Amino acid sequence: MMTSVDTDLIRVLADPLRLQIVTLLARETLCTTHLVEETGAKQTNLSNHMKILREAGVVETEPCGRFTYYKLRPEVLAGLSEQFAALAISARTAAENKRACP
């Protein structure tokens with residue numbers, strides 16, 4: 001059984017600011033203003049990172065008047081977690097398999 005992990009999603013989450021954003025959104029739904037305050041990032045920089053997270057399907061937007069709120073899509077992270085869990089299961093059985101050297 002060959003198991004693979006979504007490398008595109010890993011790249012998206014590997015950025016320290018994006019991972020911080022995901023961590024914040026795991027606690028509550030926040031607007032751009034809140035995220036700027038919490039992260040210390042400039043608004044334009046934060047908006048670029050939010051675009052990447054939206055395009056990757058990690059967050060979704062919720063318009064509220066003149067503000068845009070962001071919320072995490074937990075099923076995306078759960079899917080990634082399941083991929084890693086499958087790798088761990090594969091690794092346990094692989095420890096019993098040893099390919100002979102030629």
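Contact here means heavy atoms within 4.5 Å. The model shown in these views is predicted.

**View 1. Three strands form an open sheet.** Their order is β1-β3-β2. The pairing is antiparallel. β1 (30-31) and β2 (59-64) are the edge strands. Each of these edge strands pairs on one side only.

**View 2. Strand β1 is joined to β3 by two bridges.** β3 spans residues 67-72. The two strands run antiparallel. Cys31 stands opposite Tyr69, a residue of β3.

**View 3. Helix α2 packs against helix α3.** α3 is made of residues 32-39. The angle between α2 and α3 is about 120 degrees, and their axes are 11 Å apart. Angles of 65 to 115 degrees count as roughly perpendicular, and those over 145 as roughly antiparallel. The pair α2 and α3 is therefore oblique. The crossing of these two helices is right-handed.

**View 4. Residues of α2 and α3 make the helix contact.** From α2 come Leu17, Gln20, Ile21, Leu24 and Leu25. From α3 come Leu35, Glu38 and Thr39. What kinds of residues make up the contact of α2 with α3? Five are nonpolar, two are polar and one is charged.

Terms used:
Residues numbered from 1 in each chain as written. Predicted model: local features only at pLDDT ≥ 70, side-chain atom pairs only at ≥ 80, totals over all residues. Heavy atoms only, no water. Pairing = 2+ DSSP bridges. Helix = DSSP H or I, 4+ residues; strand = E, 2+ residues; numbered from the N terminus. Axes fitted to C-alpha atoms, helices over the stretch in contact; angles between N-to-C directions. Parallel < 35°, antiparallel > 145°, perpendicular 65-115°, else oblique. Left-handed = near helix turned anticlockwise from the far one by under 90°. Nonpolar A, V, L, I, M, F, W, Y, C, P; charged D, E, K, R; others polar.
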